[in-house]
Amino acid sequence: MTTEQARRLVGIVAATGLPGAGARPAGEVLDAEAMAELLDLATAERIPGHLVAALDSGVIRATPDQRAEAGRRHEEALALDLVLERLLTETSSMLADAGIAHRALKGPVVARTLYAEPGLRSFGDVDVLVAADQFDEAVALLAAMGGRPRYREPRTRFTSRFGKGVCVVTRDGLELDVHRVFVAGPFGLAIDPYDLFEDPCTIVVGGVEVPVPGPDLTFLHVCYHAALGDRAPRYSTLRDIAEFLCTTSVDVDHVLSLAERWRGRAVLQRALLLTCSYLPIDVPQPLRDWADSYRPDAFERAALAVYVSPDATYAARAATGVWAVRGTRRKLAYARALLLPTRSYLRERDGSYVQRWQRALQLQRRWRQAR
Amino acid sequence: MGGAGWGPDAAYAHESRVFVRRTADCVLLLGPKGSSPLALRGTALAAWNAFASPRSVNDVARELAASYDAPRERVSAEVASLVEALHGRGLLARRHGRDER
């Protein structure tokens, strides 16, 4: 099976159960090699539950052994989901006890609020949004419990002022992403982190009430993740958007208003168009007319380039982020932290200040040309 | 079996702090402390489902023996063994009365 055929099949899997999905079988029973590839892809895309549903509905044909293997993979994913949900409740309770405002994000939230059965949406880590002014306190608390931040900051308090967040690896080797905002770089810096704490809701996980963002913010988060996260968007995230679009749980005016405030309407548009191109789903009105007609402004076009162009890098996003930082003093603080990081940070990255400055200049020049 | 007052008439029910996922033929369970998730299927799954509300081992064994047309004594022993394991993992909680959850 070619990579293209495998991607087509996993697309069929991801669409299972959507109103626009085909019900006809997608050809013959797959041979062992093709099924192994499909199993790996469905697992990596966090949709093993949809694969089982596709096999059971006959949309993809399988032998009994292949079906059993798909079921085993699904159970493995579900077992990890449970371990991660327990980590989420422990973390949430610990943050709440310390008086730290926080919200659970992504996998466990969408699994429980969007899907008919949470087992259809698997995940690989835990994401928690923390109030910017309590971010360092939260990370210190997790470190005191044995967590280890995966990356060093350019300077003290950089992440809590300007970053997306930090990945903390727990003593058990699980990944806990502590977010300040949804994404790194210019689109993340344009978000007002206080907006992310409006309109709170809760979900109950393992008998524990966990605070989560309301549906509009969750919708925007999955859109930011789909549009800017991975170079090829993950099917589970696209399916999250499709699940939102199949319901009426989003206040379109509010979503557009927030996206405008965050200079991120192009992100929303890209996420909607990507979802429609990968999955058989129509964007409902009035979002559809808006997505078809919206023309991104100069900032959005240039900012998108540092996320989606083939040579886009984290460094490019950091270097170009200065234009999205609000206020002259904050811009200067941002530039200073990136141009004059601590020596330990520099040793791990560029080697010398001169090399770092040259690289920053190149990235800035390229971004200005894109504008 | 651990715990004061244990007996086949003692009532048990799902612990509220359990993490659960279901598939077509099994349930995966994880308690609040230690150990990895446990998968139950077949009669063990049927027994788990029976403890959704407070029930005694005797009640559940009687029900399962009738459903599966199996010897009551053997089913009672298996249910008791399962309850002991699930209670030990923090998945089933002892209830003081049948109506108390």
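## Aromatic pairs

Rings of Phe, Tyr and Trp (for Trp the six-membered ring) are taken as a pair if their centres lie within 6.5 Å, and a pair counts as stacked with planes under 30 degrees apart, as edge-to-face over 60, and as tilted for the rest. In this predicted model, local features need pLDDT of at least 70 and side-chain atom pairs count only at pLDDT 80 or more, while totals for chains, interfaces and linings use all residues. Residues are numbered from 1 along each chain as its sequence is written, chains are lettered from A in the order in which they are written, and side-chain values use heavy atoms, with hydrogens and water left out.

Over all chains, the structure holds eleven aromatic pairs. One of them joins F158(A) and F162(A) in a tilted arrangement, with 5.5 Å from centre to centre and 50 degrees between the planes. These two residues are four apart in helix α7 (residues 158-162) of chain A, and therefore about one helical turn separates them; helices (H or I, at least four residues) and strands (E, at least two) are DSSP runs numbered from the N terminus. Both F158(A) and F162(A) are buried, where buried means under 20% relative accessible area, exposed over 50%, and partly exposed in between (1.4 Å probe, protein chains only). Ring pairs also bring in Y334(A), which forms a cluster with F158(A) and F162(A).

The pair of Y235(A) and Y278(A) is edge-to-face, because the ring centres are 5.8 Å apart and the planes stand at 80 degrees. Since Y235(A) belongs to helix α10 (residues 235-245) and Y278(A) to helix α12 (residues 265-278) of chain A, the pair ties together parts that are 43 residues apart in sequence. Y235(A) is buried at 5% relative accessibility, whereas Y278(A) is partly exposed at 30%.

## Salt bridges

A salt bridge is counted where a side-chain nitrogen of Lys or Arg lies within 4 Å of a carboxyl oxygen of Asp or Glu, and the whole structure has 21 of them over all chains. In one, the closest N and O atoms of D56(A) and R67(A) are 2.6 Å apart; D56(A) is in helix α3 (residues 48-57) and R67(A) in helix α4 (residues 64-97) of chain A, eleven residues apart. Both ends are partly exposed, D56(A) with a relative accessible area of 48% and R67(A) with 25%.

The salt bridge of R261(A) with D195(A) has its closest N and O atoms 2.7 Å apart. It ties together parts that are 66 residues apart in sequence, because R261(A) lies in helix α11 (residues 252-261) and D195(A) in the loop between α8 (186-189) and β6 (201-205) of chain A. R261(A) is partly exposed at 42%, while D195(A) is buried at 9%. A network of salt bridges links D40(A), E69(A), R72(A), R73(A) and E76(A).

## The interface of chains A and B

In chain B, 20 residues are in contact (heavy atoms within 4.5 Å) with 20 residues of chain A. The two chains bury about 1500 Å² between them, 60% of it on carbon and sulfur atoms; this buried area is the accessible area (1.4 Å probe) that the two parts lose on being put together, summed over both.

Two salt bridges are counted between chain B and chain A, including one in which the side chains of E85(A) and R21(B) meet at 2.7 Å, N to O. On the side of chain B that touches chain A, the elements giving two or more residues are β2 (19-22) and β3 (26-30) of chain B.
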